[in-house]
Amino acid sequence: MTASPDAPEAADPAAEPAVARPASVRGRLVSATARRSRPASARRRRRSSTLVLSLALMATGVLWTVLAPSGSAQDSAADSAAVREGRALYLQGCSTCHGLNAAGTVSGPSLIGVGEAAVDFQMSTGRMPLAKPGAQAERKEPSYSQVQIDQIAAYIQTLGGGIEKPEVSEEALADADLMFGGELYRANCAQCHQAAGEGAPLTYGKYAPALTNATPEQIVEAMRVGPESMPVFAESQIDEEGATAVAAYILHMRDTPSPGGHKLGSYGPVPEGLLAWLVGIGGLLGVCLWIGARQKV
Amino acid sequence: MTTTSGPGAPAPKLAKRPSPVRKMNRAVDERFHTQRSLRENLNKVFPDHWSFMIGEIALYSFVILLLTGIYLTLFFDPSNTEIIYDGSYVPLKGVEMSRAYASTLDISFDTRAGLVFRQIHHWAALLFVAAIIVHLFRVFFTGAYRKPREINWLIGVGLLVMGIFEGFAGYSLPDDLLSGTGLRIASSIAQSIPVVGTWASFLVFNGEWPGTNFLPRLYVAHILLIPGLLLALIGAHMGILWFQKHTDFPGPGKTEDNVVGHRVFPVFAVKSGGFFMMVFAMLALLGGLAQINPIWLFGPYDPSKVSSASQPDFYIGFLDGSTRLMPPWEFRGLGHTVAAVFWPTVILPGILFTLLALYPWLESKFTGDRESHNLLQRPREAPTRTAIGAMSITFYVVLWISGGNDVIAKTFSISLNAMTWAGRVGIIILPPIAYVVTKKLCIALNARDHEIAHHGIETGIIRQLPSGEFVEDHRPKPDPVPDHPVVPTHRFELSPPGEHGNGHGKTGVATRARKAVTGFFTEEKAEGGEEPVSGARH
Amino acid sequence: MSEQDETPAGGGGSVFDRVKRPAGGGSDGGSGGPEVLGTPPAPTDSTQLEEHTAWRHAGVAHRAPRAEDVDRRAERRAERLIAFWFTASVIGTLGFIVANFVGDKHKAYYTPVLGTALGLAVGGLGIGMILWAKRLMPHEQAVQERHSFKSTDEETAVFEEEVALGFHDMGLGRHKLLRRSLLGAGAVLGGLTVVPLLNLTNAKPGKKLDHTHWVKGARMVTGEGRFVKLGEIAIGGIETVFPAVPITNASGETEFEPLLDLHAKADSATILVRLEPGINKPRQGRDGWDVDGLVAYSKICSHAGCPVSLYEQQTHHLLCPCHQSVFDVPDGCRAIFGPASRSLPQLALGVDDEGYLIARDGDYTEPIGPAFWERS
């Protein structure tokens, strides 16, 4: 999770990537017209504000790296209360592992340049602070309030910038194209998180977690920063609209009741086979016993 | 039959003026001479034991598969033609997919009672194979396959194999991501066969994977070829059963030369009819209340996409497991390659099903038992067979669990690699352990039966003899409880006494090898037949 | 499952032969000796019919009469219980019909209600029928003799002799030419069955498995139809790409046509992985196949052909979800765990003038996907 000079956030987000729309694309965006019909200006506005913000933040980051020669961060960049608070919280709760300057220690990686999205993802999912060392950090109840997390995130953001926290509004989710989200999900997410978002194991005890409790923000953050084993899906690969659509698809899948009865964990043939044996065969053997049993008098 | 058990019921008598039903009966009889054979068949006696109904589950599941399958054929379109989906499942609206997948979505979302019958069909497929497997266990562990029923055993094994193929064809038809992934692996397996593999794969799929217009072909296999074969085999299976009469457990009044139980008409027919309804009800409830194969979540097949936890249905699971556990043994040389996937998916099931099919003859050969048997054995009465069965089941179950090892790893937070290694070790050490433990258990149970038969049952009363020795009182064994198999006076041994070990003076390698194996099969006689050492009073 | 044993087991042949009358005072009166609950054959004095009666009521395993057999009220109760289940079945059937037509098939309740109603419809009938047989129908212990299947020696001898005679009359032994030409004709005709088998496809394997759709200079296009540019994929990122082959259009310009049909996807699916700078260890002769940390490997597993796509960006492992083969990306996608034995084939990457990623040298240098006999 280190920023690199040619990382995608440096690319001009307003530039449309070259898109070929061949006639024979299986699963191509047939309903693109539907998505296009939304007012483009809104998107444009959102984009330009994002652009301005990210440029500003980037400039801050660059300025900080240039202007801050030594550990006097408090004076130079931390002009907001939030950052001060965040630093205090950081020193108290995180510095043991990540170091007093967030430059990392043997027990924790450097946080310089990881950005607030990574901090928000790790802390709002309760993965940080780490409960116990293991193959992978587990999701749990967050130890900090969202306000505190935002403060720490703001502080970390001042240390070399990084990917900022994405905003996923209710309207954007409601507007999102489920078909597009579904296509992206099956192409990029289902291989690890499973078709129904139930998660799956990776090698040596690592795993792709179930998406059962993930919020839309956490979903987008994870795509952007690629926490732990997860690959990074940069904005140049899946744009903001796509990321929102993926989040909307996951929420839809999760919240729509199954049309076919109990979902059995939506985990495919294994639980199905188990049920066929335990309930199907088990139950019918019970019926056999009942038919074969003699009545006691 | 016009019978009643009520008190004072009048004796049934022939009506003076024949009712329309009787008229019909007589009209048929005048043309086909039916009365005698109908009477014989209606009076056929079937023995009463709950375990004899397991095969019926498979039979009734098959009937329900036919019924629901016919309903599905009315709506399913087995075409590879690509269309844009425009049904009522919103997240797929506008996606390009095959007609097969789209029509399966339509069955699931836009057809009245479509989803419930689709789900019943799928559950019935699982139950069909599962019931065949349980039925096979029953037949195996009671020795019901012995002469004269070896051919029916063979047909049964054929039904199991056909059932697995039929199920896989059905699983593959909707052309969703899971179907396609399974077929892709199937094509790799076909491709792995030495010499003819590439051609076989091209012939089956009509070209390089994913083939050309393959689904109509698969559809014909699924709704015509394999069901036709299944139907014929089931007909033969039932016909032979009917002709040879059902086996029975030993019990009071039961001999090798009779069948004791209910006649087909009326009690057996009503009970079986009721049981059919119960199987149907179980499937209807599963079909309505438990989601199976939610193809809309997997999406249309795309060779570049996959969902984790891509599994076959349970009856293929053991092959998936064997493939997962297989070390990377791919052989290359002389310009040719034999793929690693060939061993666990072609050779292994080939050996397993051949051994399974030939088992009645193998056992007969090694035990020298050429007699016909109509009375069953309890598992303990044939320790070697029971141990072989336990060993095979253990082998199968380890493979089966390994087929779902990713789901288990996820559910119980175990390392996936640890699961694989556990499976690799388990498949080697667990089956022999199961063999030894089962055999010892059977022999111990036999010894206990033997002791009860000869010394009576322990009373728990300890007495001190004048010599100072303590002994426990035994009371005599009670009379046999009817209809509950007890220690038969005649043990149905695997080998008739004095038959084995008689090599007629031949000492060739083959003879000695056979003797060794025969000893392996019959050694329990020596141990089981020993007079138990006991301080009990006689 | 216990029952009373009123007579000693195996009470002698006479017991087996005796036809028992139903207990409970049938109209024809009880006969002497222990009684068996059971149904007599249709009363008839025809001894001829008796000969064909293959079953007898046996004097084995008696059980005491059920409550329904001796108590009129218990019998009525049982009847009412059975009728209740049959009525439940009717309700279930009606429920199914109503739900089928009136229910909203787009609602989540539709299928569960249909299944439950159908379950009640058939289950009610099933439970009723089983209770009927268990409670109200007479329990019988019918005995039927088994017969040996073996024919008598005489029958066998006669049959074998007749068949032998038949073959003698056919004269296959004497007419050598006839026999040989018949065998020949049969063998050739049998060989004919291979023809429809071979007609199953016109697509001969040839060298098809050795090649994919990648050509020199083909751009890399995603499944959504986006040409991938250098720098679009972040470090730790992945992308699945397919070939967009260069074609010259009518006006003489070069265009790129994405191949996204199933056949192209099946053999040309390629996974792009961007590694941290400097960790890639190119295989011998593959220097320069990577661009800016980006490496391209076939996405089709070398084991059974599933798309290998579970990428762990910290360990740089690619995991196949079908049989759990693991490939080490920086080490030439070497197979390090599971049943796969071969590395994933690598595609040489390049960048064209406009910054788009291309297949620098064209196709993979070895067949992709699972092994096959002709693969060397």
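Q: Which residue takes a positive phi just after α6(A)?
A: Gly126(A) does, with a phi of about 75°. This is a predicted model, where local features need pLDDT of at least 70, side-chain atom pairs count only at pLDDT 80 or more, and totals for chains, interfaces and linings use all residues, while side-chain values use heavy atoms, leaving out hydrogens and water. Residues are numbered from 1 along each chain as its sequence is written, with chains lettered from A and ligands numbered from 1 in the order in which they are written.

Q: Why is residues 115-124 of chain A called a helix?
A: A helix is a DSSP run of H or I with at least four residues, a strand is a run of E with at least two, and both are numbered from the N terminus. α6 of chain A has 10 residues, so it meets the helix cut-off. Chain A has 13 helices and 2 strands.

Q: What makes α6 of chain A largely enclosed by the rest of the structure?
A: Buried means under 20% relative accessible area, exposed means over 50%, and partly exposed lies in between (1.4 Å probe, protein chains only). In α6 of chain A, 10 of the 10 residues are buried, so the helix is largely enclosed. Among them are Glu116(A), Asp120(A), Phe121(A) and Met123(A). The cover over the buried residues includes α7 (146-158) and α11 (216-225) of chain A. For chain A as a whole, 51% of its 297 residues count as buried.

Q: Why does strand β7 of chain B lie largely in the open?
A: The number of buried residues among its 8 (residues 457-464) is 0, so β7 of chain B lies largely in the open. Across chain B, 56% of the 538 residues count as buried.

Q: Why is the meeting of Glu330(B) and Arg342(C) called a salt bridge?
A: A salt bridge is a side-chain nitrogen of Lys or Arg within 4 Å of a carboxyl oxygen of Asp or Glu. For this pair of side chains the N to O value is 2.5 Å, so it qualifies. Chain C and chain B have a count of 2 salt bridges.

Q: How do you know that chain C is in contact with chain B?
A: Contact means heavy atoms within 4.5 Å, and 102 residues of chain C are in contact with 114 residues of chain B. Buried area is the accessible area (1.4 Å probe) that two parts lose on being put together, summed over both. For these chains it is about 9300 Å², 62% of it on carbon and sulfur atoms. In chain C, Gln144(C), Arg146(C) and Trp373(C) lose the most area to chain B, together 10% of what that side buries.

Q: How much of the contacts in chain B joins residues at least 24 apart?
A: The share is 74%, among contacts between residues at least 6 apart in sequence. In chain A, residues 24 or more positions apart account for 61% of the contacts with a separation of 6 or more.
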